Amino acid sequence: MSTERKVPMRRIAIASCVGTTIEFYDFFIYGTAAALVFPKVFFPALGPAAAAVASFATFAVAFVARPVGAVVFGHYGDRIGRKRTLISTLLLMGIATTLIGFLPGASTIGVAAPIVLVVLRFAQGIAVGGEWAGASLLTAEYAPPGERGRYATYPQLGAFLAFGLSSVTFLVTGLLMGDKDAAFLDYGWRIPFVLSSLLIVIGLYVRLRIEETPIFRQAQEQAAVSPARERSRPPFRDAVLRQPREVLLAAGSLTIVFSFFNIGTTYLTSYGVNPAGAGQSRPTVLVAGIIAAIVAGAVTIVTGRLSDRLGRRRLIMTAGGIGVVWGVLLFPLLDTGSTLAFVVALIVTLSVVGVCYAPTGAFLPELFETRYRYTGAGLSYNLAGIVGGAIPPLLAPALTASYGSIAIGVLLSVSAVLSFFCTRALAETKDRTLATKPVERELVPVS
């Protein structure tokens, strides 16, 4: 009989969800600020169009940094454990975000302001690059058989909760300042960044109360008796040499997640308030974001549970099929200028993300072996972030100027096609066993 105490799945689920919510909140307030504030604060010498491109370029920097974070933190996550690595990513994100809140603008320190901004954004990217895989592994490796999709949904919810929370923070800050646009540009936008330091304390408290996953402990025991040559191999080397096909196909599979999410959040925030775009007020756009985040979160919960019955692969391919059609419909709907159309457009766009994002928390961990699972899952996820997360928002302003908004919709449809066929080339994983032998640890399911 095991002498270990029971580990409540409720605690594991909450720890993964709270952690990803806080880290993605930090990540997304940058995106909201990049759309609403940074062109004027950090790039005032450029024209409106060039300033928007420069602002979104600093946003895209984090997606380039994310694979670096996946490799660095994946190495330690596979070597020293999921828990300690996740605490490190949380601290790095919190420090970088808080410092952005105190960073003087270009009018104060000149060109040094955007340079430091890029450095801090790169640090954010490294942190979130190591966060997602660890949080997903935390729930997937603890989850009871047959319920991995259900529990692996919790860290996925963090992205939608974070987007809603960042929208609420900017909305409240803006409303409290009324029409004082100068005050908002001077210090109002900084408040959400500084407040993140308080959230980090909460996240640390929650994560310090969890234990290492039993599957990782089992892998450590097996590694202790394995040949020294095998123990010394870097997890990154094993992931790219032993499963390169899975790394690349999984990255292609998740392209739709990043393209639809980042266009639906960061770019549509900018497009929504632009008189030449959707022509909505700032509060309207932020409220629409809150509503869309709530609906997409609900879709994510339902889809995560369905993935245990229908399979991860089928649901991601379904999202790809819907995304092909929705991509070309999105901007004609937005360009009607209707507030209702904007809200519906944002809801559907983020719901497409929810359908394919929910199964991902279980799908990627199931694709890779335990001893390099953190690295393999994180690398695939963050490579998708470059293709789907960095490139579309960066190209969007130029595409709109040259070909009209429909070009961005076509770009979204292309990412959906890529996702569909890459997912189709992968095997179904819902019935795979993560551990190589029974794990003697009793779990208490969430009631």
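View 1. The model is predicted: local features need pLDDT of at least 70, side-chain atom pairs need 80 or more, and totals for chains, interfaces and linings use all residues. Residues are numbered from 1 along each chain as its sequence is written, and side-chain values use heavy atoms, leaving out hydrogens and water. Y154 belongs to helix α8, which covers residues 153–176 (helices, H or I, of at least four residues are DSSP runs, numbered from the N terminus). Although 137 residues separate Y154 from C17 in sequence, the two C-alpha atoms lie 5.1 Å apart in space.

View 2. T97 is part of helix α4, which takes in residues 82–101. With a relative accessible area of 0%, T97 is buried. The side chain of T97 forms a polar contact with the side chain of Q124, at 2.9 Å (N or O atoms within 3.5 Å, one able to donate a hydrogen and the other to accept it; sequence neighbours count only if both atoms are side-chain atoms). Leaving aside residues up to four places away in sequence, T97 touches D26, I29, Q124, F193 and S196 (heavy atoms within 4.5 Å).

**View 3. Lining of the largest cavity.** The lining consists of F24, F27, F28, F63, R66, A159, V257, F258, F261, N262, Y357 and Y381. Helices α1, α3 and α15 each give two or more residues to this lining. The largest share, four residues, is supplied by α15.

**View 4. N262 within helix α15.** N262, one of the residues that line the largest cavity, is located in helix α15. A relative accessibility of 2% places N262 among buried residues. A polar atom of the N262 side chain lies 2.8 Å from the backbone oxygen of F258, and F258 is another residue of the cavity lining.

**View 5. S253 at the end of helix α14.** Helix α14 comprises residues 244–253, and S253 falls within this helix. S253 is buried, as its relative accessible area is 1%. When residues up to four places away in sequence are set aside, the residues touched by S253 are I316, F363, S419, C422, T423 and L426. Of these contacts, S419 and C422 fall in the residue range of helix α20, which is given as 406–424.

View 6. Just after α16, the backbone of G311 adopts a positive phi of about 105°. Within α16 itself lies G297, which counts as buried at 8% relative accessibility. Apart from residues up to four places away in sequence, G297 touches L157 and F160. L91 is 206 residues from G297 in sequence, and the C-alpha atoms of these residues are 26 Å apart in space.

**View 7. A416 in helix α20.** A416 is carried by helix α20, which runs over residues 406–424. The relative accessible area of A416 is 0%, and A416 is therefore buried. Its contacts, not counting residues up to four places away in sequence, are I256, F260, G320, G323 and V324. V61 and A416 are 355 residues apart in sequence, while their C-alpha atoms lie 23 Å from each other in space.

Key: Buried < 20%, exposed > 50% of the residue type's maximum accessible area, 1.4 Å probe, protein only. 1 Å grid on protein atoms, 1.4 Å probe; cavity = no way out; pocket = protein on both sides within 12 Å on 5 of 7 lines; lining within 4 Å.
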